Amino acid sequence: MERKLDELKRAMDTTTHKGRHFTDIQKSKIRHAVHAPVANKSPNPLIIYIMTAVALCLIGILVSTELLVKERGGSNGSPDPWKVHHEYKENDKILFSILPDPELQVGKAYGYIFSFKEPFDTYKGKELSISAIQKNTGNRVEVVAPQTITQPSMGYSSLQRFTTTFRVPDSGIWKYEVYLDDKVYGEVVVNVNENEESPVILPDDIPSYVQDSDVDAINWDQKATTFGQNMIGNDGKSGIIGADMSSLSSQKWMWHLWNTDASNLTVVGYHKDSGTVYPVLNNGESWTIPLGGQNNGADVHAPSSVTIPEHGEWAFLLYADGELFDVVVMEITR
């Protein structure tokens, strides 16, 4: 045993365990390093500037990318809110759609069919209204006043055929917002074309003295007024008794003219929205009727039956003995 211990000691002395491992100088440096405080080295200002610039660039890239995504339809892939679409969806379910007139133009009234898809209880008893917003100008107009929904569309279980007629004042992209009880229900977007004026087309059987230039010269701002014995027209020139009654079915109108002794009267009806010329006398069968003598203070007069084909703004061009005498502009609502 004693001999083995001596051999082990000699083996260890030949390795790193032999001799002194640290000098006094090394020991002193180690003790100093252990007890000395750690010095905080200030970063290089150039490095700080570079890192700040890089961070700002990254933020700018992220912001611009987010704006671009929103402009192209949002990060969730939702469509551009001003892209023309005739259906409104929520969670891939169509809530309603619209059928606009394919010839939709600015300045004219057009009919729309809104087809609402939800059960009638969704709409029953609520006020439905529609507002239109122009994309470029932000102009907002209420095109359908609030109306309480009390029954489904005729022949349907819900509002599958809600019809309305309105016009917008400018061309371009318009968003139609549907409201239920003053809360936005949904919207569709349509493109309203520029007004392409169509030439006035006169019927073949119209008297030769009626010119399309007479129609072009109508002053739509000069509205008829009520005067005298419930007459509607232009005071001191021409007046109609009965024009305030429902005229979309057969109605009696009595025509009165002042300052003329003409023997016959020609009446040409012009419907502004459709741009159509109509005969209205004798329920649409005649252009001209004879005039009688004085009545209700007028110099000449004539009774007739009339039928107005549709509601809207009308101009009635009156010709006395073949010469344009007066134009009566009025709104026919019923």
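**Figure 1. Asp92 in the loop between strand 1 and strand 2.** Let's start with Asp92, found in the loop that links strand 1 (87–90) to strand 2 (93–99); strands here are DSSP runs of E with at least two residues, numbered from the N terminus. Asp92 is not a glycine, yet its phi is positive, at about 65°. Most residues other than glycine have a negative phi. With a relative accessibility of 76%, Asp92 counts as exposed (exposed is over 50% relative accessible area, buried under 20%, partly exposed in between, using a 1.4 Å probe and protein chains only). Please keep in mind that this is a predicted model, in which local features need pLDDT of at least 70 and side-chain atom pairs count only at pLDDT 80 or more, while totals for chains, interfaces and linings use all residues. Residues are numbered from 1 along each chain as its sequence is written, and side-chain values use heavy atoms, with hydrogens and water left out.

**Figure 2. Asp181 in the loop between strand 7 and strand 8.** Here is Asp181, in the loop between strand 7 (172–180) and strand 8 (183–192). Asp181 has a positive phi of about 50° without being a glycine. Its relative accessible area of 38% makes Asp181 partly exposed.

Figure 3. Strand 4 (residues 127–134) pairs with strand 7 through seven bridges in the antiparallel sense, and Ile133 has Lys175 of strand 7 as its bridge partner.

**Figure 4. The hairpin of strand 17 and strand 18.** Strand 17 (residues 312–320) and strand 18 run antiparallel and are joined by nine bridges. Ala315 has Val329 in strand 18 as its bridge partner. Two residues lie between the strands of this hairpin, where Asp321 takes a positive phi near 50°. Strand 18 (residues 323–332) is mostly covered, with seven of its 10 residues buried.

**Figure 5. Thr260 and its surroundings.** Thr260 sits in the loop between strand 12 (251–257) and strand 13 (264–271), and is buried at a relative accessible area of 18%. Leaving aside residues up to four places away in sequence, Thr260 touches Asp299, Val300, Ala320 and Phe325 (contact means heavy atoms within 4.5 Å). A polar atom of the Thr260 side chain lies 3.2 Å from the backbone nitrogen of Ala262.

Notes
Helix = DSSP H or I, 4+ residues; strand = E, 2+ residues; numbered from the N terminus. Pairing = 2+ DSSP bridges. Polar contact = N/O pair within 3.5 Å; in protein donor to acceptor, adjacent residues only side chain to side chain.
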